[in-house]
Amino acid sequence: MEQATDHFEPVWAAGFMSGTSIDAVDAALILTDGERVLDFGPVAERKYTPDERAALKAATDAARQWKWTGPKPQGAFREAEDVLTRTHTDAWRQLVQGWDGPVPNIAGIHGQTVLHRPPSQEESGRTLQLLDAARVREALGIPVAYDFRTADVAAGGQGAPLAPAFHSALLRNLGEEQSNAVLNLGGVANVTYRSRDGNLLAFDTGPANGPIDEWIEAHGAGTHDTDGRIAAAGRVDEMSIDLWMDKPWFDQTGPKSLDRFDFDATLARGMSLEDGAATLTAFSAQAVAHAIRHFDDTPDNVIVCGGGRRNPQLMQELSNRLPCTVRTAEDVGWLGDSIEAQAFAFLAVRTMRGLPISWPGTTNVAQPMTGGRLTG
């Protein structure tokens, strides 16, 4: 990742992330110049209520039916944007309550992904993150950077993943003695590998928590597999995993990206609750192992962040299937629940400075791309 030549004083920036698992808005403060991470401030989490979660899921369902054809589902999108404005404002208040540092200069807000179509030979890509940036900017009282993916996709990139720029800065802080990769386990899994010469390779590896959560919820057993207990009680169907791994997606080389529903819970149709959870969990790990084995060099460590690291069964499957050491973000001194929020604070400063946020090795865009839009 190339360095800027102009001098820029580090600033405090806020970042917000609402992932496709639709569980919470995560918020974080960092001190950064958009190239280095110099300090970490407080973090916050604003959980969605069942009604708020239902509104965001309804917007996602409406978007999947729409698929950019015909009238836009304005009502469902407007209701979701109301939820996002309210919950991001609450997360901001939690974040700065008791904070005695300077007012952050900028906030980076991802918005809610409701539809993502990577580019293919047949058609161009498109992506949609819901957010009423003007209303959020008014509520926060500071400039907002947002809409980070659209420009990359319009230029032929995948639009994802975007956290690698931040992952690279974190890995630099760990030193160069070992080769490390960062694995984020959200609804979808994505990995960032930083080579010793500083080049980045990043892409979505396959499903993570999304199909597991969907499977659990469809059986009335909660919103997710708490502590992996349901999967631990089941039997992994390796033949099904071998069949799923034959899908063309896994023949594609990175960079590549997924929509949350490209792999869903219907994969496990006909299995018991426990066996389906066990097999979907193992499948997520196997997809990561497949990706890691296709790196030019196997990393010494894979550092896991995101909600999936809290699932002991998924972590065990990763340890069993990956050809390297699996560590959690906390093992190296990071806050694993807040890394994506911190990443969008980092990307906000890069956007403010006009620095690239994606590269050929991270989104397959033809050249390094600046991205993100700024409110006044």
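These legends go with a set of close-up views of one predicted model. Local features are given only where pLDDT is at least 70, side-chain atom pairs count only at pLDDT 80 or more, and totals for chains, interfaces and linings use all residues. Residues are numbered from 1 along each chain as its sequence is written, and side-chain values use heavy atoms, with hydrogens and water left out.

**View 1**
The strands come in the order β3-β2-β1-β4-β7-β13, with mixed pairing. Helices (H or I, at least four residues) and strands (E, at least two) are DSSP runs numbered from the N terminus, and two strands pair if DSSP finds at least two bridges between them. β3 (37–47) and β13 (373–374) sit at the edges with a single partner strand each, so one side of each has no neighbour in the sheet. Further in, β4 (residues 106–109) and β7 (residues 144–146) run parallel and are joined by two bridges, with Gly-108 opposite Ala-145 of β7. Helix α2 (residues 74–96) packs on this sheet, touching β1 (11–18), β2 (24–32), β3 and β4, and its direction makes about 130° with that of β3. Helix α5 (residues 164–174) packs on the sheet too, touching β2 and β3, again at about 130° to β3. Contact here means heavy atoms within 4.5 Å; the axes are lines fitted to C-alpha atoms (for helices, over the stretch in contact), and angles run from 0 to 180 degrees between N-to-C directions.

**View 1. Two nonpolar cores.**
A nonpolar core is a set of buried Ala, Val, Leu, Ile, Met, Phe, Trp, Tyr and Cys residues joined through side-chain atoms within 4.5 Å. Buried means under 20% relative accessible area, exposed over 50%, and partly exposed in between, with a 1.4 Å probe and protein chains only. The largest core has 36 residues, and Phe-16, Phe-77, Leu-128, Leu-130 and Leu-140 touch the most other members. Its largest share, seven residues, comes from α2. Setting aside residues up to four places away in sequence, Leu-130 touches Ala-59, Phe-77, Ala-80, Glu-81, Leu-84, Gly-111, Gln-112 and Val-114. A second, separate core of 34 residues includes Ile-30, Ala-163, Val-182 and Trp-334.

**View 2. Gln-129, a buried polar side chain.**
Gln-129 belongs to strand β6 (residues 126–130) and is buried, at 12% relative accessible area. Its side chain makes polar contacts with the side chains of Thr-113, at 3.1 Å, and Thr-127, at 2.9 Å. A polar contact is a pair of N or O atoms within 3.5 Å; within protein, one must be able to donate a hydrogen and the other to accept it, and residues adjacent in sequence count only if both atoms are side-chain atoms. Leaving out neighbours within four places in sequence, Gln-129 is in contact with His-110, Gly-111, Gln-112, Thr-113 and Arg-149.

**View 3. The five-stranded open sheet around β8.**
This sheet has the order β10-β9-β8-β11-β12 and mixed pairing. At its edges stand β10 (200–207) and β12 (325–328), each with a single partner strand, so one side of each lacks a neighbour in the sheet. From one strand to the next, the twist averages 25°. Within the sheet, β8 (residues 180–185) has six of its six residues buried. Asn-180, Val-182 and Asn-184 point one way from β8, while Ala-181, Leu-183 and Leu-185 point the other way. β8 forms a hairpin with β9, with two residues between them; five bridges join β8 to β9 (residues 188–194) in an antiparallel run, with Leu-183 partnered by Val-191. β8 also pairs in the parallel sense with β11 (residues 301–305) over five bridges, where Ala-181 stands opposite Val-302. β11 and β12 pair in the parallel sense over four bridges, and Ile-303 stands opposite Arg-327 in β12.

α9 lies across β8, β9, β10 and β11, running at about 155° to β10. The helix (residues 273–292) has 20 residues and reaches 29 Å from its first C-alpha to its last, close to the expected 28 Å; that expected span is 1.5 Å times one less than the number of residues. Of its 20 residues, 16 are buried, so α9 is largely enclosed by the rest of the structure.

**View 4. Thr-370 in a loop.**
Thr-370 lies in the loop between α12 (360–363) and β13 and is partly exposed, at 41% relative accessible area. Its C-alpha is separated by 9.4 Å from that of Arg-353, 17 residues apart along the chain.
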